[in-house]
Amino acid sequence: MNNIIILLLSSYILMLISTGRLGMFIHTRFTWLSIISASALFLFSFVSVAQSLVAMYEKKGWKAFSIKSFSVQKWVKNTDMVMLGLGIIIFLLPIRPLSVGIAQQRQSDFNNVQTTTEDLASLYKRTNTAEFTLKEWAILLNDNPANEELVGRKISVSGFIFNDGSQKQDLFYISRFRVVCCVVDASPLGIPVEAQWRDRFSENGWVLVKGTLQLIEIHGVNRLAIIPEEIQEIDVPNNPYIY
Amino acid sequence: MSNQLLAKATDFITLFLGLLVEAIPFIFIGVVVSVAIALFVNSEKVFALLPKNTYVRRFFLSIMGMFMPVCECGNVPVVRRLVMKGFSVSEAITFMLAAPVVNPVTFWTTWEAFSGSHEMAWARLIAAVVIANGVGIIFSFVTKQETLLTKKFYAQVCEIRYNDHYYHNPQSKWEEAKSIFSSEFIQNTKMLALGAIIAAAFQVIVPREWVLAISGNILLSIVAMTILAFVISICSNVDAFFALSYASSFPLGALLSFLVFGPMIDIKLLMMLKNTFTIKTLGLIVVLVALSSTVAGLTFHILWQ
């Protein structure tokens, strides 16, 4: 029974890896560790289960696999049944990134990203801002939310729509979660976008925003925000987080 | 409303699976080490090599994590195996508390994360060694060490120690390894799953700002970061990068408490240890570690802030 559960759990991790969806749950730095451990667990449990089945067959022939030979009571009593159930259920559970609800819950961590002065200086030196990631923009806007040098710069970022609960009807944040280890430590990063979005898109929907940075008034303060030229709905990517 | 509930349910599933998928490789490493100890380590020879003085021996155990660079989940099977091999429960507790912090990966990530304040990496290491030894010494005063263990685990320990001494196991090494590996792996994963369910539910239900809102002064900041460490159950090998993101809003002393308490105690770890130690033992460990990591945080705050 134990080996069947291990077989199921390791198969699940291997399935996530082979479909490129491991990044939905953990930081990509753990990919190789996951590949090695899940492969070893799969091989171990596969060989063990096969050996057990052969041993059962050698002892009792095909009768060993008849329903009568399994004591239902013994199986049900075993707490491992719960684990077996879990091993099967995880394959049926939806694989989705964290929702905007978690971003709201962790709003106190919004754009809480630290960087070194060297990294910040090298970011300012780079000129092709269209290639900047959402994290890099968040770092720059954190450093100076009203930096006039950035006005007019081209920007192209994708993420989910997050409304920070402000009364401003034509404002949303294009956001992603930053993950250090796995989804439990995810904290939201985002850049304000000024656009009429409520009729066309829904909160938590994934979009690609292309535009330029301009200074606008947000909560009574001048801040840089994206004035979009194009907002395009996109599918949720396999790696929805920033690492 | 129903959409919100659905979103909360999918977030719960994502958080639960995240914890499970992230921890399984570390449990795998821990169980492999546990199997290796079970099969290839001769207890009598090891005890002969270890220092005779109990305090020196305990200190030695508290730095053994240097050879085992995995996080807290991976250490649980090793802790269980140490007790089975004849180490006292208090010595196993010392190893358990120190190993997730006193290991090269944790030290290196703390050093990198707090590159502007290398005192943090050293303070974390020293605090973990001191706390692990201190808590271990307190538990060593319990005369009947077996009362610290659950009855089921103690029965298992007795059986294994008896077999080691008087009975030659007729199974081949492979058969024995297979049997130890699968039962240890499932025992730990079962409790990890339970811990992950509780931790994920807590994260979905309780907004993080409630926890962080109590950070009024240094003591309250330490309490807030300790609760956060308990709730998020983050892996000790990378928690320094997470703690760093709070450097602008929390004093370094509170971050040290987070970095010391988190690897020693969190929701999923407590669930995993429930199979080994009694509830009373775990309760006392939590109280002692919480108090001493608070003192460590306060001391660091006074000396370096």
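**Ile227(B).** Ile227(B) sits in helix H11 of chain B (helices are DSSP runs of H or I, at least four residues, and strands are E runs of at least two, numbered from the N terminus). Leaving out residues up to four places away in sequence, I find Ile227(B) touching Val211(B) and Ile214(B) (contact means heavy atoms within 4.5 Å). I also checked Phe107(B), 120 residues from Ile227(B) along the chain; the two C-alpha atoms are 22 Å apart.

**Ground rules.** This is a predicted model, so I note that local features need pLDDT of at least 70 and side-chain atom pairs pLDDT 80 or more, while totals for chains, interfaces and linings use all residues. Residues are numbered from 1 along each chain as its sequence is written, chains are lettered from A in the order written, and side-chain values use heavy atoms, without hydrogens and water.

**H11(B).** The helix covers residues 218–232; at 1.5 Å a residue its 15 residues should span 21 Å, and the end C-alpha atoms are 21 Å apart, which agrees (the expected span is 1.5 Å times one less than the number of residues). Buried residues in H11(B) include Ser221(B), Ala224(B), Met225(B) and Leu228(B). At the N-terminal end, Asn217(B) is the cap, with a side-chain oxygen 3.0 Å from the backbone nitrogen of Leu219(B). After H11(B) comes Ser233(B), with a positive phi near 50 degrees.

**Chain A against chain B.** I then went to the interface, where 50 residues of chain A are in contact with 47 of chain B. The two chains bury about 4,300 Å² between them, 72% of it on carbon and sulfur atoms (buried area is the accessible area, 1.4 Å probe, that two parts lose on being put together, summed over both). In chain A, Phe44(A), Gln105(A) and Val184(A) lose the most area to chain B, together 15% of what that side buries.

The largest share, nine residues, comes from H2(A).

Notes. Buried < 20%, exposed > 50% of the residue type's maximum accessible area, 1.4 Å probe, protein only. Polar contact = N/O pair within 3.5 Å; in protein donor to acceptor, adjacent residues only side chain to side chain.
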